[in-house]
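My notes follow in the order I looked things up.

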Amino acid sequence: MPKPEEIAVLEVNGQKFDDWESVWVQLRANDPSAYFRFTAAERDPIFRVANTFPQWQKLQFKPGDRCTITLAGQLAVTGIIEVRQVAYDAHQHGVMLIGKTDTQAPARSSVDTKTGNFDGKHIQQIAQEVIAPYGVGLKVIGQLDLTPFKHMQNEKGELIWDFLERIARFRGVIMGSDEQGNFLLIGDHSYQSTADLIEGVNVKSCQCTISHAQTYLQLDVHAQQDGSDQTSGPAASEITATANGKVATPYTKLITPAEYPGTQADAQKRANTEAKWADGTEVQANITVQGWLRGGAALWKPLDEVFVKSPMAMLQQQLKIRTATFTQDNQNGTQTLLDLVVPGLLNGSPNFDPTSKG
């Protein structure tokens, strides 16, 4: 019998299935959906559903079926099956089920409101309005810039995810989703470390990249705003804001055109955000750990932060989980791959003390 902490259960309409050949579940912090992929193969006994042994034909989960996935008894994903693939011959049978969280439907749908006009509304109000027909939730992480947009319209046919991501950038907000099928608006926040990942102790493998390829010494934002009696000419049409990166050493400069007409203060915030996000690309670490649970109690979750100590990777600092991928197969067993980045890349506090844990 498999250990309870190594069991993945897919439940559809009250029917539970846990006899998988391979398991792959991926939670992403700044993506429209979480993803899952399961494969099963016929063997003796053929399948085990709810502690019984039905025939192969009993596994009839199909696209459109709503489902929940638990890993080690913890809720991992609530979503819908999108794809079913079956392959068989005279000697073997196999099935693969692929799906996503409920945010997949609105994310790939076009903005469709009565007017397409969002003048005077802030990012949270606009997001709630465009996703309202789909019955999915909206959660706020941290502190959002809720400055209203003086004028805001979507492009004809623009996808909901593309539209929200475009306007969110101007307010320094990151779009994301969670395992329960909610959209996330990720603002500035600061988290404490939830776990330690230590070389030679609980790190099964590590691949780390430290790079300045996407960092800049100077970041400019060029914008314009509506003219008025008080603001006209170059003051309205030639707004420039500058921020300095903290990582890059040689002189490099990036110019970003603003996605939305705004004030000098708006442009400066946009430049500061670009600098923070560029600095956040300095470190990316892919660390594999055994099992699915952090500390034996909870699943690893995107946006959580961990303290990484790895002399070989030149890491002794707090990083943020961008993606958590849970897998299980005959070759590698049960493990979790964590994609870790500098917290500022996901609007976490970019300032941390790398010596705080010695």
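Predicted model: local features only at pLDDT ≥ 70, side-chain atom pairs only at ≥ 80, totals over all residues.

Entry 1: I went to an open sheet of 3 strands and read the order as β8-β10-β9, with mixed pairing. β8 (137–141) and β9 (174–177) are the edge strands, each with a single partner strand, so one side of each has no neighbour in the sheet. From one strand to the next, the twist averages 25°.

I then checked how β8 meets β10: the two run in the parallel sense and pair over 5 bridges. For one position I looked up the partner directly, and Lys-139 has Leu-184 in β10 as its bridge partner. I also asked what lies across β8 and β10. The answer is helix α2 (residues 123–131), which runs at about 160° to β8.

**Entry 2: the whole chain.** I stepped back for the totals. I got 5 helices and 21 strands for the protein. Its length is 358 residues, and 47% of them count as buried.

**Entry 3: salt bridges.** Side chains of opposite charge can pair when their charged atoms come close. How many salt bridges does the count come to? I have 17 salt bridges down for this model.

*Arg-169 and Glu-274.* Their side chains meet in a salt bridge at 3.0 Å, N to O. Arg-169 sits in helix α3 (residues 160–170) and Glu-274 in helix α5 (residues 264–279), so this pair ties together parts 105 residues apart in sequence. Is Glu-274 buried or exposed? Glu-274 counts as buried because its relative accessibility is 11%, under the 20% cut-off. Arg-169 comes out as partly exposed, with a relative accessible area of 25%.

*Lys-276 and Asp-188.* Here the closest N and O atoms of the salt bridge are 2.9 Å apart. I noted that this pair also links distant parts of the chain, 88 residues apart: Lys-276 is in helix α5, while Asp-188 is in the loop between β10 (182–186) and β11 (193–198). Lys-276 is buried, at 18% relative accessible area. Asp-188 is partly exposed, at 41%.

*Glu-305 and Lys-320.* This salt bridge is listed at 2.9 Å, N to O, between the two side chains. I wanted to know how covered each one is. Glu-305 has 3% relative accessibility and counts as buried. Lys-320 has 0% and counts as buried too.

Technical notes
Residues numbered from 1 in each chain as written. Heavy atoms only, no water. Salt bridge = Lys/Arg side-chain N within 4 Å of Asp/Glu carboxyl O. Helix = DSSP H or I, 4+ residues; strand = E, 2+ residues; numbered from the N terminus. Buried < 20%, exposed > 50% of the residue type's maximum accessible area, 1.4 Å probe, protein only. Pairing = 2+ DSSP bridges. Axes fitted to C-alpha atoms, helices over the stretch in contact; angles between N-to-C directions. Contact = heavy atoms within 4.5 Å.
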